[in-house]
Amino acid sequence: MIIMEQIAASRPMIQISDVSKAFNGISVLDGLNLEIPIGQKVALLGPSGSGKTTILRLLMTLETIDAGQVRIEGVPMYEGAPDTRRLLPEGQLRAVRSRIGMVFQHFGLFPHLNVLNNIALPQILNGQAGKTEAENRAHELLQMVGLGEKAYLLPDQLSGGQKQRVAIARALALQPDILLFDEPTSALDPQRVSEVLDLLNMICRKTGTTMLLVTHEMEFARQFADRILFFDHGQIVEDGAPDVVFTNPKDNRTRAFLGLPV
Ligand code: ADP
């Protein structure tokens, strides 16, 4: 029994095994391996075009892989031979896909729906809640992200930072185990960045959600993450705790990117 518990506890939340992906014949990921434990906060850094966003999109099944396997807490997303993968049929995929939420760079709110309905509607469409329950959860989440007074406004009546919080609340409403963030601070004023950091840390404490975040803001990554992954041409060239990666990276490409002597 103890051994079983240890095995369960050590099972990664995300397991990317030998994953390859090309666009129009140009390889973006080539045999990528990556394991992320439950509850870890990971920042993906690296030059533009190095494949960071592709990894988030693969996890969301907005893109598919060409080879390899992706598992969410041990459950595979692909079937078929390792080098000719296809996504599992929709019915089988739904359960694993529903465990992953994403907050997009430009928030992706429905402009014609008020804030409350932006958060409630996906729960209803997903069959996770009826109207009343979805709205109650939306109100609770709006309180949590500090926007309890804004429920009946349209997204365009909110600031960038407020829209960001609505997008985060909407993702949380679906109770994901994994949250993905694509450049969550790039559309925000610098003074709003620390608010996002506080909010994400609070969510982690409350929910234990595993988080992957693509960013180009080094200071934000340093304060947010338990683990930094530095990408270059689709490969992980640095993998470690922020203090180590930022002060003493092993790889010359990371050193150059961070402006350290190589
Ligand atoms: P990053 O997030 O590190 O900037 P991306 O993952 O967005 O990098 O992109 C990696 C490479 O894949 C880039 O060269 C990009 O142009 C290419 N790419 C990404 N998505 C597509 C797509 N849908 N079609 C064609 N090329 C793509």
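This note goes through a predicted model point by point, from its ligand shell to its core.

1. Basis of the note. Residues are numbered from 1 along each chain as its sequence is written. The model is predicted, and local features need pLDDT of at least 70, side-chain atom pairs count only at pLDDT 80 or more, while totals for chains, interfaces and linings use all residues.

2. Strand S1 (residues 14-23) and strand S2 (residues 26-36) run antiparallel and are joined by seven bridges; strands are DSSP runs (E, at least two residues), as helices are (H or I, at least four), numbered from the N terminus, and two strands pair if DSSP finds at least two bridges between them. Ile 14 has Ile 36 of S2 as its bridge partner. The two strands form a hairpin with two residues between them, and Asn 24 in the turn has a positive phi of about 50°.

3. The ligand shell. Asn 24 is also among the residues that surround the ligand, together with others including Phe 23, Val 28, Gly 46, Lys 52 and Val 214; a residue is near the ligand if its C-beta atom, placed from the backbone, lies within 6 Å of it. The shell holds three nonpolar, eight polar and one charged residue, where Ala, Val, Leu, Ile, Met, Phe, Trp, Tyr, Cys and Pro count as nonpolar, Asp, Glu, Lys and Arg as charged, and the others, Gly among them, as polar.

4. Helix H2. The largest share of that shell, three residues, comes from H2. In this helix (residues 52-59) six of the eight residues are buried, that is, 20 or more other C-beta atoms, placed from the backbone, lie within 10 Å of their own. The buried ones are Lys 52, Thr 54, Ile 55, Leu 56, Leu 58 and Leu 59, and H2 is followed by Thr 61, whose phi is positive, near 60°.

5. The core. In the largest nonpolar core, which has 59 residues, Ala 43, Leu 44 and Ala 169 touch the most other members; such a core is a set of buried Ala, Val, Leu, Ile, Met, Phe, Trp, Tyr and Cys residues joined through C-beta atoms within 7 Å. Helix H6 (residues 160-173) gives the most to this core, with seven residues.

6. Helix H6. Eleven of the 14 residues of H6 are buried, so this helix is largely enclosed by the rest of the structure. Its buried residues pack against strand S8 (100-103), helix H4 (115-125), helix H5 (131-144), strand S9 (178-182) and helix H7 (190-207).

Key. A residue is buried if 20 or more other C-beta atoms lie within 10 Å of its own, exposed if 12 or fewer, and partly exposed in between; C-beta atoms are placed from the backbone. Two residues are in contact if their C-beta atoms, placed from the backbone, lie within 7 Å.
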